Amino acid sequence: MHRRQFIQTIGISGALAVAGKISAQTAPAPGTVTPSAAPDALVKGTPAVFAPTPDSFTVTVPLAADALVWLEYGETEKLGSTAKGDSFGFVQHDDTVVKIKVRNLKPGTRYYWRVVTKPAFPYIGSQKPVLREPVPETRSQIYTTKTLAPNARKTQFSVWNDTHDHNETIRALHTARRADDDFMIWNGDMSNNVNDRALLPGLYVCPQGVDLAEGPPILGTRGNHDVRGLWAGRMSDYVEYPNGNRPFYAFRSGPIAAIALDTGEDKPDNHRSYRGGAAFEPIIREQAAWLEEVIRRPEMRDAPYRVVFCHIPLRWTDESPQDYEGKGFDRYSLRGRLAWQGALVKWGAQIIISGHTHRHALLQPTKEFPYTQITGGGPQPKRATVIRGHADAGKLKVSVIRMHDGVSLNDLEFEPLTKVA
Ligand SMILES: [Fe+2]
C-alpha cells in the first residue's frame with residue numbers, strides 16, 4: 001500500500017472508531033440502545049473479543065469487584081439472545097476477570113453484543129439479606145464483531161507484534177485499524193515479563209485509552225516475554241485461543257489457511273534464568289505431532305494460500321550459535337524449525353510472519369527453506385510496523401507498513417496454490 005492510501009485508511013478507520021463509540025449505559029430496557037455516560041463500577045476496563053471461529057467468539061471482561069457477568073447479542077442492535085452460563089451451570093462470576101464464549105453462531109456473520117454486569121456479593125445462593133429490590137444491572141455500549149468465514153472468496157487481516165506495553169504504539173496501531181479486517185493477530189510480546197499481577201488486564205485486554213473491542217477480533221500468539229515472570233501463566237485467564245485454549249491453533253479465513261505456533265522462550269529450557277520453570281521443549285514437540293494431523297485436514301490441505309504466524313521467526317539473517325552461558329538468546333527458533341519445518345514444507349507454507357527481532361527483515365525462499373520469512377518492527381513508535389494481508393482469487397498480498405510515517409517497507413505477493421472456490 002502506498003503512503004497516501006495508508007493515511008486515507010487511517011482517516012476512515014479513525015472516523016469509524018469515533019462514530020462507533022457509545023458510552024457505558026445503566027439498565028435500559030432490554031433490546032434498546034440508550035447511550036449514557038454512567039460508568040460500570042464492577043468492570044476494570046473495556047472488554048475485548050478473542051478467538052473468532054466460524055461459529056463462536058469469546059469476550060473477556062476485566063473486573064474491579066465481585067460481579068455476575070453475561071452477554072446479550074444478536075444479528076442486529078436489538079440483540080435478543082443471551083450468552084449466560086458456563087459449562088458447570090453457573091452464570092459466570094469473579095472479582096478479577098471472566099471470559100464468555102458465544103456459541104452456535106453462523107459463519108461470516110456480523111453480531112452485535114454488549115456486556116451485562118450485576119453485583120455478585122452477597123447474593124449468590126444466599127437467603128440473607130432478604131432481597132426486596134431488584135439488583136441493578138449495568139449494560140455496556142453495544143459493540144460489533146464478525147465470525148470467521150471459511151468459504152468467503154476473500155479475506156484480510158492485520159498483524160501487530162512486540163508492542164511490549166508501549167501505549168503510544170498500541171494507540172497508533174489501534175487508530176490505524178481497518179474496520180473490515182476479519183481478524184487481528186497480536187503476534188507476541190505484548191508484555192515485558194509479567195511480574196505484577198495488576199498489569200494483566202492492561203497488557204492483554206484494556207491497554208490505557210484503547211478500546212480493543214472496537215477493533216477486529218483478536219487471535220494471539222505468545223512471545224518469549226509473555227512466558228516470563230511469576231504471573232505469566234495467568235495470560236490464559238485473559239486471552240482465549242480457538243483450539244481448546246491451547247496457545248497453538250489452525251483456522252481458515254476465506255482462501256487463507258493459517259497456522260499459529262507457540263515458539264516459547266528464546267533460550268533452552270534448562271537456562272539458569274528460568275530457575276527450572278520452563279517446559280517449552282515438550283510443547284514444541286507436541287506441536288510437531290499436532291502439525292502432522294492439522295496439515296491433513298481438508299480445509300488446510302486444499303487451501304489456496306498457506307500462512308504461518310509465530311512470534312520467534314524460524315529463519316534469521318545471522319544464524320551463528322548463541323552463547324547461552326553469557327548473554328546469548330535465540331534470534332530465530334532453531335528448535336522450532338527442527339521440529340516443524342518438515343510438516344510446514346510438506347503442507348506448502350508460503351510465508352511465516354513473525355516479530356521478536358524488533359526490526360523488519362525479509363528472507364526470501366531458498367532451496368533449503370522454501371518459504372518466505374518476514375519479521376515486523378520494534379515496540380517504539382519510530383520502529384513499530386503493522387503487517388497487512390489481503391487475499392482473493394488472484395493473489396495473497398502482504399505489506400509491512402512502518403507506523404510513524406505509513407511507508408510500506410515491503411509489498412509481497414503470492415500466487416494461489418489451488419484455485420479459489
Ligand atoms: Fe519483543
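Strand 4 (81-83), strand 5 (93-94) and strand 6 (97-102) each contribute at least two residues to the lining of the second largest pocket. This briefing concerns a predicted model, in which the protein has 7 helices and 21 strands. The points below take up that pocket, then the protein as a whole, and then one aspartate.

**The second largest pocket**
- The space in the second largest pocket amounts to about 430 Å³, and 23 residues form its lining.
- Among the strands that take part, strand 6 gives the most to this lining, supplying 6 residues.
- The lining residues that lie nearest the centre of the second largest pocket are Asp86, Gln92, Lys99, Ile100 and Lys101.
- Sorted by class, the lining of the second largest pocket is made up of 8 nonpolar, 7 polar and 8 charged residues.

**The protein as a whole**
- The protein has 421 residues, and 52% of them count as buried.
- The accessible surface of the protein is about 18500 Å², and carbon and sulfur atoms account for 52% of that surface.
- When contacts between residues at least 6 apart in sequence are considered, 72% of them join residues at least 24 apart.

**Aspartate 211**
- Aspartate 211 is placed in the loop that runs between helix 3 (200-204) and strand 12 (218-221).
- Aspartate 211 counts as buried because its relative accessible area is 5%, which falls under the 20% cut-off.
- The side chain of aspartate 211 is joined to the side chain of tyrosine 143 by a polar contact of 2.8 Å.

Key
Residues numbered from 1 in each chain as written. Predicted model: local features only at pLDDT ≥ 70, side-chain atom pairs only at ≥ 80, totals over all residues. Heavy atoms only, no water. 1 Å grid on protein atoms, 1.4 Å probe; cavity = no way out; pocket = protein on both sides within 12 Å on 5 of 7 lines; lining within 4 Å. Points joined across faces, edges and corners; volume = space filled by probe spheres on them. Helix = DSSP H or I, 4+ residues; strand = E, 2+ residues; numbered from the N terminus. Nonpolar A, V, L, I, M, F, W, Y, C, P; charged D, E, K, R; others polar. Buried < 20%, exposed > 50% of the residue type's maximum accessible area, 1.4 Å probe, protein only. Contact = heavy atoms within 4.5 Å. Areas by Shrake-Rupley, 256 points an atom, 1.4 Å probe, with all protein chains shown as cover. Polar contact = N/O pair within 3.5 Å; in protein donor to acceptor, adjacent residues only side chain to side chain.
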